Amino acid sequence: MASKFILTTTIAAAALAAVAGCKGPQAAPDSTATATNSPIDVSTIVKTRKANFKDIAKSNKVAKVALEASTPDFPTASAAAQAIQTDAGKIVGLFPDGTGPAEAPKTEALPIIWQKNAEFKAAADKLIAAAGTLKTAADAKDLAAANTAMAGIGAACKGCHETFRKKDK
Ligand code: HEC
């Protein structure tokens, strides 16, 4: 059973990079790295992904406030959209096997994430795409398009939460 708590070094590196606030792209999964397993605290992964979602929520708020200002602040909205896109790109990598509710009591992640992983990835891709649409609209200083993109982002959050996150809150 201990193997459940052993994650590959690839995942450990990705998680630690996320902990360090690294904004760079994650290392591509490297199957050769599984030869040396290093133990990593499941709770660290869960904390890291929760913090990533909090960052996403903060950026979403920043974009909303920027666009609702009497003079819309498009550069701020654009930067926030970029941040959402970068953080959304980290989501899937922060849900490695062995970090579901069976192993991590504090997670709100549902087991279906690992059962329907392609759908989960598609839900994350929707957010990446919606954030890209917002960035394009903000860079074009097109308020109507930016507002439509914000609705798309909201739908991407909601769509994923409805299926993949515990509903009791
Ligand atoms: C691909 C799926 C997915 C998308 C897209 C997504 N979320 Fe989540 N979100 C989750 C899951 C799963 C959790 C539960 C994580 C856990 O508890 O381990 C979560 C948790 C959260 C949390 C709670 C973090 C905490 O501290 O416990 C917040 C806030 C949040 N999401 C906001 C958002 C917002 C805002 C968006 C859209 C801009 C969004 N999420 C998009 C799946 C998603």
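Modeller: Before we start, a nonpolar core here means a set of buried Ala, Val, Leu, Ile, Met, Phe, Trp, Tyr and Cys residues joined through C-beta atoms within 7 Å. And keep in mind that this is a predicted model.

Colleague: Fine. Which residues have the most contacts inside the largest nonpolar core?

Modeller: A77, L134 and I153, in a core of 34 residues. Helices α2, α3 (74-88), α5 (117-139) and α6 each supply at least two of its residues, and α5 gives the largest share, 9 residues.

Colleague: What does I153 touch, leaving out residues up to four places away in sequence?

Modeller: N60, I84, L127, A130, A131 and L134.

Colleague: What makes the contact on the α5 side, and what on the α6 side?

Modeller: From α5 you have F120, A123, K126, L127, A130, A131, T133, L134, A137 and A138. From α6 come A145, A146, A149, M150, G152, I153, A156, C157, G159, C160 and F164. Sorted by class, that contact has 17 nonpolar, 3 polar and 1 charged residues.

Colleague: Why does the roughly antiparallel label also go to α2 and α6?

Modeller: Helix α2 (residues 42-68) packs on helix α6 (residues 143-164) at about 155°, with the axes 11 Å apart. The cut-off is over 145 degrees, so α2 is roughly antiparallel to α6 as well. Here too the crossing, α2 past α6, is left-handed.

Colleague: Which residues make that contact?

Modeller: N60, A63, K64 and L67 on α2, with L143, A146, N147, M150 and I153 on α6. The class count for α2 with α6 is 6 nonpolar, 2 polar and 1 charged residues.

Colleague: Last one, about the loop between α5 and α6, where K141 sits. How do you know that K141 is partly exposed?

Modeller: K141 has 13 other C-beta atoms within 10 Å. Buried needs 20 or more, and exposed means 12 or fewer, so K141 lands in between, as partly exposed.

Conventions. Residues numbered from 1 in each chain as written. Predicted model: local features only at pLDDT ≥ 70, side-chain atom pairs only at ≥ 80, totals over all residues. Axes fitted to C-alpha atoms, helices over the stretch in contact; angles between N-to-C directions. Helix = DSSP H or I, 4+ residues; strand = E, 2+ residues; numbered from the N terminus. Parallel < 35°, antiparallel > 145°, perpendicular 65-115°, else oblique. Left-handed = near helix turned anticlockwise from the far one by under 90°. Contact = placed C-beta atoms within 7 Å. Nonpolar A, V, L, I, M, F, W, Y, C, P; charged D, E, K, R; others polar.
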